[in-house]
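Reader: Can you walk me through this one? I would like to start with the overall picture and then go into the details.

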Amino acid sequence: APIADDRLDRMVRESGGVPYFIEELARAVLDERRSDDSGPLAMDDLLRARLARLPEPAARLLATIAVAGRPVPQTLATRAAGVDDPAMLQVLKAGGLIRGRSLAGAKALECYHDRVRETTVAELSADSLRDRHHRLAVVYEASATPDAEALAQHLAGAGDTVRAAEFAVQAVARAAQTLAFERAAQMYRLALELDPTNQPRALWSAL
């Protein structure tokens, strides 16, 4: 059915040209017609409403993936979220909130779009955010091949800045081996920022 020009203009602006958001906004228009509700078409509001309707385990898993901030191995994500029900993964994938990809030959998960990740993280309380970081740090450290960079990120988010600085320095070696010198410099800066009481000249020199 026809949509008024002003509504189409709002959909174009809110979507930012992203097909995923166009689809979400179109669904919202259909939902409004079914409920006789012509509320504002704000993408962030639509995403928050979607998050609020998720089953609690699915919401917990999405929050864990969002806080990870990068593709996270599926086994670690589900373990950190305490969710072992495959149906919750399907809820998030079918809803276009997460997607799978391959990471070093293993299944990994990430948010479908940065806006989904940012909105999800913004909805977390400070305590919940720290808890998500802590749980991710625990599963990363217990994995067969701990990711030093991820550990630095999540230990810092959990408030353990001293250990986060140690892992940031460890992450430098891996970055340098792959010639990712800009990444190595970022890790050095992170280490110096996280543990300002322990800044040996060697660390500044290496940076």
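Author: What follows goes from the whole chain to the sheet, a helix residue and a pocket.

Reader: What kind of model is it, and how are residues numbered?

Author: This is a predicted model, where local features need pLDDT of at least 70, side-chain atom pairs count only at pLDDT 80 or more, and totals for chains, interfaces and linings use all residues. Residues are numbered from 1 along each chain as its sequence is written, and side-chain values use heavy atoms, with hydrogens and water left out.

Reader: How many helices and strands?

Author: The chain has 12 helices and three strands, taken as DSSP runs numbered from the N terminus (helices are H or I, at least four residues; strands are E, at least two).

Reader: And the dimensions, and what percentage is buried?

Author: The C-alpha trace spans about 65 × 35 × 35 Å along its principal axes. Of the 207 residues, 39% are buried, meaning under 20% relative accessible area with a 1.4 Å probe, protein chains only.

Reader: On to the sheet. What is the strand order?

Author: The order is 1-3-2, in an open sheet with antiparallel pairing; two strands pair if DSSP finds at least two bridges between them. Strand 1 (72–73) and strand 2 (98–103) are the edges, each pairing on one side only.

Reader: How many bridges join strand 2 and strand 3?

Author: Six bridges, with strand 3 covering residues 106–111. Arg99 has Glu110 as its bridge partner, and Ser102 has Lys107. The two strands form a hairpin with two residues between them, and Ala104 in that turn has a positive phi of about 55 degrees.

Reader: What about strand 1 and strand 3?

Author: Two bridges join them, again in the antiparallel sense. Pro73 stands opposite Ala108 of strand 3.

Reader: Which helix lies across the strands?

Author: Helix 4 (residues 56–68) lies across strand 1, strand 2 and strand 3, at about 90 degrees to strand 3. Axes are lines fitted to C-alpha atoms, for helices over the stretch in contact (heavy atoms within 4.5 Å). Angles run from 0 to 180 degrees between N-to-C directions.

Reader: Switching topic: why does Val139 count as buried?

Author: Because its relative accessibility is 7%. Val139 lies in helix 8 (residues 126–142).

Reader: How does the lining divide into nonpolar, polar and charged?

Author: Eight residues are nonpolar, four polar and five charged. Here Ala, Val, Leu, Ile, Met, Phe, Trp, Tyr, Cys and Pro count as nonpolar, Asp, Glu, Lys and Arg as charged, and the others, Gly among them, as polar.

How values were computed:
Buried < 20%, exposed > 50% of the residue type's maximum accessible area, 1.4 Å probe, protein only.
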